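I opened a new notebook page for this structure. The entries below follow the order in which I looked things up.

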Amino acid sequence: MHIPDGFLTTPVWGAAAALSLSGVAWSARKSEQALEAGQAPLMGVMGAFVFAAQMINFPVGLGTSGHLLGGALLAVTLGPAAGVLVMTAILIVQALLFQDGGVLALGANIFNMAIAGVLVGYLPYYYWGATPYRRAAIFLGGFLSVFASACLAMSQLLLSGVRMPAAVAWISLALFAVTAAVEGAITLAVAGAIERLNPNWIQAPRNTPRLGAGVVLAAAVFLAGVGALFASSLPDGLEKLAERTGIAGRARNLLQTPLSDYELHFLGPQWLGKVLAGLLGLLAVYGVCLLIARWAGKRGRAVQGAASGSL
Amino acid sequence: MGRQARACGPRRGKRESVELHHVVIERWSRQDSVLHRRDARIKLIALGACLVGVATTDPFGWMESLGFGLLFSGGVLAARLPLGALLLRGLVVVPFSGVFSLLAFVTGDSERAFALLAKSYLSALAVLLLAATTPMPALLHGAASLGAPKALVQVLQFLYRYLFVVSEQAQHMWAAASCRGLQFAGSRRRDRWQAARGVLAVLFVRSYERAETIQRAMLARGFDGRMHLISATHVGRADVVFLAGVTAVVLLLRYCYSSM
């Protein structure tokens with residue numbers, strides 16, 4: 001979901017650009033060592049690979065087809081930092097050469113698809129990559145990557161005052177879920193095939209399974225994604241939601257009565273806080289994820305060390 | 001025979017026209033004109049001014065659209081590019097913005113419906129104009145000297161260099177798969193899925209191996225992980241005049257035009 005220029009208000013694209021700038025700076029710094037070892041060609045060619053992979057269509061059913069988007073696959077093959085960098089490069093080329101996504105909106109698109117998309121896509125693999133749930137983790141990575149990106153894009157549009165009826169918001173959410181599931185399946189299929197050809201091409205997962213933390217974190221990211229969307233689109237709570245979707249379901253009614261009765265009151269100033277809270281919450285989840293991951297990583301190594309010491 | 005040829009030929013689809021789009025832009029960007037000769041950095045800054053101008057002008061009615069439209073059309077003419085073709089290519093944003101514009105229109109906000117469509121289209125036109133008057137390597141050098149992260153610029157350079165090598169290979173492999181008996185229509189979904197998966201996995205391996213070969217060759221030639229930018233261009237008086245002119249027009253359109 002590439003947002004073109006002209007959709008986002010200045011505070012939204014400005015804030016997103018600032019966030020992306022720091023995210024890209026982080027990934028550039030993390031990748032510096034790899035680049036000094038001469039890995040730039042690898043990253044560039046992998047970016048070109050993702051471009052080319054988008055030409056190959058996978059049949060989905062009902063006469064439609066989907067293609068790889070690549071965030072989770074890049075994270076699993078190149079690692080999260082390099083994945084962010086390569087995805088950013090892809091988005092820049094798409095914006096400049098293919099007019100796919102705006103240039104001012106590039107900050108938002110990079111944040112949604114390169115930073116959130118790749119990091120969220122990597123999380124399940126990071127936690128479950130070495131457990132028996134490995135395949136499920138890769139699938140979940142693909143799913144979350146696309147779902148989080150799409151929800152973030154939707155929130156930014158809503159935050160910028162783009163209006164849509166509740167029914168449309170729900171249908172888009174369902175479509176996001178389908179696209180995300182397709183991405184998960186393709187990521188799993190391709191990662192499995194690559195691994196069969198040469199296991200070294202897939203990042204080695206962590207050795208210590210941390211199921212509990214993984215479940216909590218994946219769920220948190222998922223809920224934050226949905227929450228950010230619905231905190232903004234459904235300010236009046238669940239009863240109103242039920243009422244509205246019920247009404248929206250009756251097509252004749254919808255056509256006869258003024259639509260403005262059923263559309264959502266986006267961006268009355270009182271809801272602005274909720275929307276911002278949703279997005280900030282998502283960011284906070286990121287921070288917490290990173291902190292817990294670092295802490296758990298240290299503890300995991302310590303436990304391993306103790307175990308091997310006792311043998 | 002015709003059917004056979006179609007089955008074995010490269011996939012005809014959406015992406016092909018996109019590729020064509022890119023080839024055309026690339027050819028345009030290597031022509032010569034007043035606009036082509038301007039420094040890439042100056043053009044990047046001017047693009048930024050135009051985009052911010054379009055994004056922040058509110059309300060954005062037909063007067064404002066006309067003003068910015070004339071500015072960018074003037075740019076196209078100054079670059080001696082075919083105006084009609086460029087205006088058509090800008091329509092690539094319409095599928096996305098059209099949906100939201102329609103939503104806004106249905107919910108009774110026709111002003112926003114028009115603004116969404118006009119702003120996204122005009123912004124795409126401005127980006128198109130930059131891409132069609134500046135070769136990508138020059139653009140990347142310009143971005144690097146404006147302070148874009150070196151690591152990112154390096155990845156972008158390699159990405160651009162190998163974009164069409166790898167995508168052409170993908171097309172060949174897809175054609176080969178169809179020649180081995182894969183049919184696009186009629187075959188079972190499972191078979192097509194597996195064929196696509198196989199193509200992607202092998203394409204990944206070939207890309208990876210190609211990258212390793214490139215890396216070895218570059219290391220042998222003394223590559224130390226840094227691209228040394230040879231900046232042959234400099235900002236001249238014409239560049240300053242160009243930037244000042246564009247900024248003045250944008251400011252005029254932004255603040256005074258519709259109240260006149």
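I began with Arg80(B), which is exposed, with a relative accessible area of 61%. The model is a predicted one, and I keep that in mind for every entry. I counted Arg80(B) as exposed because its value is over the 50% cut-off.

I then looked up the backbone of Arg80(B) and found a positive phi of about 55°, although the residue is not a glycine. I located Arg80(B) in the loop between H4 and helix H5 (83–89) of chain B.

I noted a positive phi for Gln99(A) too, about 50°, and Gln99(A) is not a glycine. Where does Gln99(A) lie? I found it in the loop of chain A between helix H4 (80–98) and helix H5 (106–128). Is Gln99(A) buried or exposed? Gln99(A) is buried, because its relative accessible area is 5% and the cut-off for buried is under 20%.

**Chain B as a whole**

I went through the secondary structure of chain B and got 11 helices and zero strands. Written from the N terminus on, the elements read α-α-α-α-α-α-α-α-α-α-α.

Chain B has 260 residues, and 45% of them count as buried. I put down its accessible surface as about 13,300 Å², with 62% of that belonging to carbon and sulfur atoms. I also checked contacts in chain B between residues at least 6 apart in sequence: 79% of these join residues at least 24 apart.

**A nonpolar patch on the surface**

Which residues form a nonpolar patch on the surface? I listed Trp62(B), Leu66(B), Leu70(B) and Phe114(B), which together have about 460 Å² of accessible area. Helix H4 (residues 62–78) of chain B gives the most to this patch, with three residues.

I traced Phe114(B) to helix H7 (residues 110–133) of chain B. Phe114(B) counts as partly exposed, because its relative accessibility is 37%.

**The largest nonpolar core**

In soluble globular proteins, nonpolar side chains tend to be buried together. I therefore turned from the surface to the interior.

The largest nonpolar core has 156 residues, and Leu85(A) and Val93(A) are those with the most contacts inside it. Helix H9 (residues 150–179) of chain B gives the most to this core, with 15 residues.

I looked up what Leu85(A) touches, leaving out residues up to four places away in sequence. Among its contacts in chain A are Val24(A), Ala28(A), Leu35(A) and Met43(A). Leu85(A) also touches Ala151(B), Leu152(B) and Val155(B).

How values were computed:
Residues are numbered from 1 along each chain as its sequence is written. Chains are lettered from A and ligands numbered from 1 in the order in which they are written. This is a predicted model: local features need pLDDT of at least 70, side-chain atom pairs count only at pLDDT 80 or more; totals for chains, interfaces and linings use all residues. Side-chain values use heavy atoms; hydrogens and water are left out. Patches are made of residues with over 30% relative accessible area and no salt bridge: like charges are joined within 9 Å, nonpolar side chains (Val, Leu, Ile, Met, Phe, Trp, Tyr) within 5 Å. Accessible areas come from the Shrake-Rupley method with a 1.4 Å probe; for residues, only the protein chains shown count as cover. A salt bridge is a side-chain nitrogen of Lys or Arg within 4 Å of a carboxyl oxygen of Asp or Glu. Helices (H or I, at least four residues) and strands (E, at least two) are DSSP runs, numbered from the N terminus. Buried means under 20% relative accessible area, exposed over 50%, partly exposed in between (1.4 Å probe, protein chains only). A nonpolar core is a set of buried Ala, Val, Leu, Ile, Met, Phe, Trp, Tyr and Cys residues joined through side-chain atoms within 4.5 Å. Contact means heavy atoms within 4.5 Å.
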